[in-house]
Amino acid sequence: MRLRFSFWLILAGLTVLSGRPLQGEVMDAKAFLQKYCISCHGAPGQEVKGEFDLQPMLQAESITPHLGKWMDVMDVVDFREMPPSKPADLPRPSESEYQGMLAWLEHGMQQASGAPKHYTRRLNRAQYNNTMRDLLKVDIDPADAFPQDLGEEGFDTVARVQSISPLLWSQYMDAAGRVVRLAAAQDEAPETFTRRYFPLDRDQSSGKAKVKKSSIDLSPIIADRKKHVTEAGNALFNLDHETGSPNKNRVREGQGGNGYEVVLTHSGDGARRARMKFQNPLNYGRYRLTFRAYAERGHDRDGKELAPYDACVAGIYVNGVLEQEISVPLTDEPQEYTVEFTSDFSRTEVRIAANSQVSRKHLNAVPSLILCDAELEGPLFESWPPASDRAIFGDNPDAAPEAWLEPFISKAFRRPATTGEIERYVDIHQRELEAGATPREAKILAAQAVLVSPSFLYLIEKERPGGQLNDYELASRLSYFLWASMPDETLFDLAASGQLRKPQVFRQQVARMLEDPKAAALTKEFAGQWLALRRIGEIVPDPEIYQDFDDELREAMREEGEAFFQEIVDKNLPVRTFLDADFTFANQRLARHYDLPDVEGAEMRRVSLGADDLRGGVVTQAGILAVHSQQTRTSPVLRGVFVLEKLFNRPPPNPPANVPPLPESEDKEEVTATNLREQMAQHASNPACASCHEKIDPWGLALEEFNGIGAHRTVEAESVTAELFDGAMLTGVRGLKEELVRREADFARGLTEKLLTYGLGRTLDSADRREVDGILTKAARADYGMKALLLCVVESDLFQKR
Amino acid sequence: MKAPLSRRTVLRGMSATLALPFLDAMTPLSALARTGRFSRAPLRSVFVGLGGGVWAGEDGFFPWKSAMDVERAKVWGKKGVLPGGALADTGRQWKLTNTLEPLANVRDQITLLSGLHNPNDSIRNPVVNAHGQDLGTLLTATDISGTQGVALKNGVSFDQVLARKIGHQTRIPSLALTVGRSSYNNREATGLGYMGFLSYDFNGNAVPTEGDPQRLFDRLFTDGSEEDQAQREQRRRRKASILDAVKEDLHQLNGMVGHDDRQRLDEYFTTVREVEQRAERAKQWDDIPINLPEDAERPEKVDRGAYGKTGEGRVEEMRQMLDVLTLALQTDMTRVASLRLGGYHGQFAFLGFPEDPHGNYAHNNGDPKKVAGARAIDRMHMEQFAYFLEKMASIQETDGSLLDNSLVMYGAGLTNGPKPQVRGDEIGYNAHGQANAPLLLAGKAGGRLQAGEHVNYDHGTPLSNLFVTMAGLNGLSDFQFVDSTGPLNGLAVS
């Protein structure tokens, strides 16, 4: 009993059950069920197979009281799963009988439900953040404070489960006000400054200890509590000193501009750091930090040098939030690193910290961060008023309100503003002025109002015959699919001139959009949900069993998944690469986990895999394996469900409410593959369990070569050999991947359905099936290249029409 | 009559001010007259839910007078016989079980309610199984068997009905809170996600929950506190301007879009109207100070997520949220709140039980070692609940403590314990049963509920009858909710 596609929920109206004519075809649904189904599912005096009793449904007046069960019937009819293949002598419907029954069911379902088929999509949090970033050029992710998005079938873009509440509306209003206020320039261009920071320890900076001579004169700020910056713009790092550990933040003679450098060792929480404070004159200012640093091997208690356990990572924090992490290699001389950041605080604090997150016992073996000096410059802006201000109010600060409102509304609403709309917002502006507000405040209010309009918050698509979309609506569909954000100027221009839907132009735009950096949103939002990468942040492996699990590994797991997906898109690789690949992405920490040689540094890079390497493909990625495990052991069931749900988009039904657990192992060790397999034998021996589990377990058992955090372990061949429902044998990971590749077409279908669910913001139903077939036929011709598949998706009628 | 304070200020750390929030002198006569309250502190109704069920077997949520018994089990559901055949230890002398022990100091405030259930939960359907019901139907009592595997389309929940009736008396009609995130099965949770939303609006949509104590604190107590009269006027005028423009936009759009799309826009319009109404009502609070107590602290930012490697971080998060909720009730910000306190998810290694909580401790099948895990988890949650109750009990109001003046429902939608049906001569265990819901009430409803008792109900008594009782205590007579048949009998209600 599988629930394939979702249908309309609200029940209204009735449908008569039997003998209902259907567009010229006469289908006797009752007779169909009596002939092919009742003998196992509700014959009087007989056992009811699978606890699925058709009798109440047959006796009911309409479909409505048992809608859920009718959906199950529709599923098994749609996939020809019932009657089952064994025993072979069961009477089976003909193909046309199947199709007739299916059509009858679809029609009946639609009649039984009065719910809308099409819901208007609202911007979800990620889309809201990106849209604000692109529209107002201010990047502060205001939607992170909104309540969590709800989702369906694995994606938070699905419109049906979106709702709005007074709380959320108020948050929209506050967020809009806040961002517009940050975007709007204050009156005068600020003075930019450049400041350089150097290390000195506490005694030195208070004047107690001597400081050796250098070209940098810090004497004016030494011993003077009030003065922090010299005339020349030189200042000191504020170094946090740990109590009781004199050697933790150690300033020593070195390669900083003032002849010193500071050794920052890793504490696992970024506590060993250098702080820089400055006054930010802008509401929203952009700055550039350049620092010089290198890494040096750590030492054990006896002072002996330790071989590096992992790469040295420097963390840059702005106002307490981690902005970026940089891998600093072992070199003798410092290298220069640059980070640009924004701040909407007036007193801004930037920190450079030794930021490795490996587990406590290995921290000493991570090379220390040796920080030499740093330079901070800003606020940066190309012109005044800055880009964010001009994005709303245009280039001329003295222009009449309609002059800037018209283009702003058009961009915000993603289509040309109407005269009525312009007047409406000009009116707000004027009334605000009349109430005594300053011109700046009046402008801000008008802009804020635009950003709370339903035309901004919702993707409005007009009703037209044949479900046609206009170019603007199509541009929005495209940009929210590939960028999770609004269309850009090029797309708007093409829409304005009616060029966008010309096949050649359309194709060029799709190609361009996929190469734009904004396409990273497809990886983050789509892959993040499709491959459950978002859940990597939530896993909690038992610290006693998995002692080497740390947050560096956690981070690397997620980055591998993202980089792998991105590569397949960027290089237009065939989608079977997801199933089996001769490469992956890794950094030093992940390479240690995978036993891959010669990978240094914390950045992800593409790594080729040898023919005898098991890794390569999503089922071998540690992140996915770890998410689909339990806290203390692997979970072949979860992994099997991953294959069915995420790769083939054919998830098994929910487990029954009352499932007894498997007995756990006594020791503080992970359950071995053999033991687990024995325990799972119940799934096969108990028929109530077997009907689903025979389809789930084999996939997961083949992956038992990987433990609960995705590391490889030695297992006996028998424990990773499993027989699939249809007879195919899987032997371990290799066998599994071969079988997956053999089912490449099914995977392509599953992936396409996922892309459509995400991109259209709705779940699919059997009416969409023909279109999906069409997409796949076209994509097959291009060997299922990922970009080609994406193009086929957006060129399909499903995407181009309502 | 004293002139009410003229500034809407948040009084913090000022020893000269009265640290006691709800005092008659602070409230303008007109507001008092409107609400009809002259000598009583208002009644607060709180609904605390635990996801994934609660162990109701031996030494669990309900105290037993005698142990399980196969023969008695066959006649469960009447005369105090619980599923599995144990006898409910009813009355006032009930023994504290392992799970209930944390309530020792406030037991005279506790009313245990065994035997209730939501009849609609039992409707057989393979689509929305118990996992999909969980907290989702606890306050709605609705039949969701027709929904797709996600109970996101529901009926309205009782707390929202209550909020609609009495919410206009407070600054905020109601709060819907969670610790961490509210879980639900969107298929991303791969089939085992529980339904973690308690509150549903009148359209049956889940009410979005607030899960960040710091942000909640700011929203309730800090935002806008520094305004003066002129600034407040300005803010209101601007908001009204915006709302007018939005309504005109909606009007224009309605002509353009199809019938189906209009549903969403209608919801938007309803929301905007609600915002307008609240803005109107907010005016009456202008001159009433919030009176945050001296020791009120803005919660620290906690790193959300996995609660630390051994899971111990969740205790701090729960307490933070309970603290802010207490402040909200204490200052009469709201009188209706729902809170998803916790559940069987994540890591419980800090209790000595590191395995997957759902698969092992929820689905324990009666295995003693695993049952120990379930008890430990339930007790840990109960400890936080006791923390909350003791805090409320220590806050004095006009008459009685904040707890005296409240009704706090605590429990779960799922019962983890002995199966009602006896097969052969064996008592089995059901992880997610829907009979004998684990429920208790805390508080005395302003003295109108004589607490301290364990009352047992025959199977078949709808849980919604509890809501009829609660509605009655809130001054709503002739109240009916979904399948209710009247108030709960056997409760000493005056």
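Helices (H or I, at least four residues) and strands (E, at least two) are DSSP runs, numbered from the N terminus. This is a predicted model, in which local features need pLDDT of at least 70, side-chain atom pairs count only at pLDDT 80 or more, and totals for chains, interfaces and linings use all residues. Residues are numbered from 1 along each chain as its sequence is written, chains are lettered from A and ligands numbered from 1 in the order in which they are written, and side-chain values use heavy atoms, with hydrogens and water left out.

Q: Where is Thr209(B) found?
A: Thr209(B) lies in the chain B loop between β6 (175–178) and α5 (213–222).

Q: Which residues does Thr209(B) touch, not counting residues up to four places away in sequence?
A: Contact means heavy atoms within 4.5 Å. Thr209(B) touches Pro147(A) and Gln148(A), and also Ala176(B), Leu177(B), Thr178(B), Ser182(B) and Phe197(B).

Q: What makes strand β1 (residues 44–51) of chain B largely enclosed?
A: 8 of its 8 residues are buried, so the rest of the structure largely encloses β1(B). Arg44(B), Val46(B), Val48(B) and Leu50(B) point one way, while Ser45(B), Phe47(B), Gly49(B) and Gly51(B) point the other way.

Q: How do you know that β1(B) pairs with strand β8 (residues 406–412) of chain B?
A: Two strands pair if DSSP finds at least two bridges between them. β1(B) and β8(B) have 7 bridges and run parallel. Within β8(B), Leu407(B) is the bridge partner of Ser45(B). Strand β7 (residues 336–343) of chain B is also joined to β1(B) by 7 bridges, in the parallel sense, and there Val336(B) is the bridge partner of Ser45(B).

Q: Why is α25 (residues 744–760) of chain A called oblique to α27 (residues 786–795) of chain A?
A: Axes are lines fitted to C-alpha atoms, for helices over the stretch in contact, and angles run from 0 to 180 degrees between N-to-C directions. Angles under 35 degrees count as roughly parallel, over 145 as roughly antiparallel, 65 to 115 as roughly perpendicular and the rest as oblique. The axes of α25(A) and α27(A) come within 11 Å and cross at roughly 50°. That makes α25(A) oblique to α27(A).

Note on methods:
Buried < 20%, exposed > 50% of the residue type's maximum accessible area, 1.4 Å probe, protein only.
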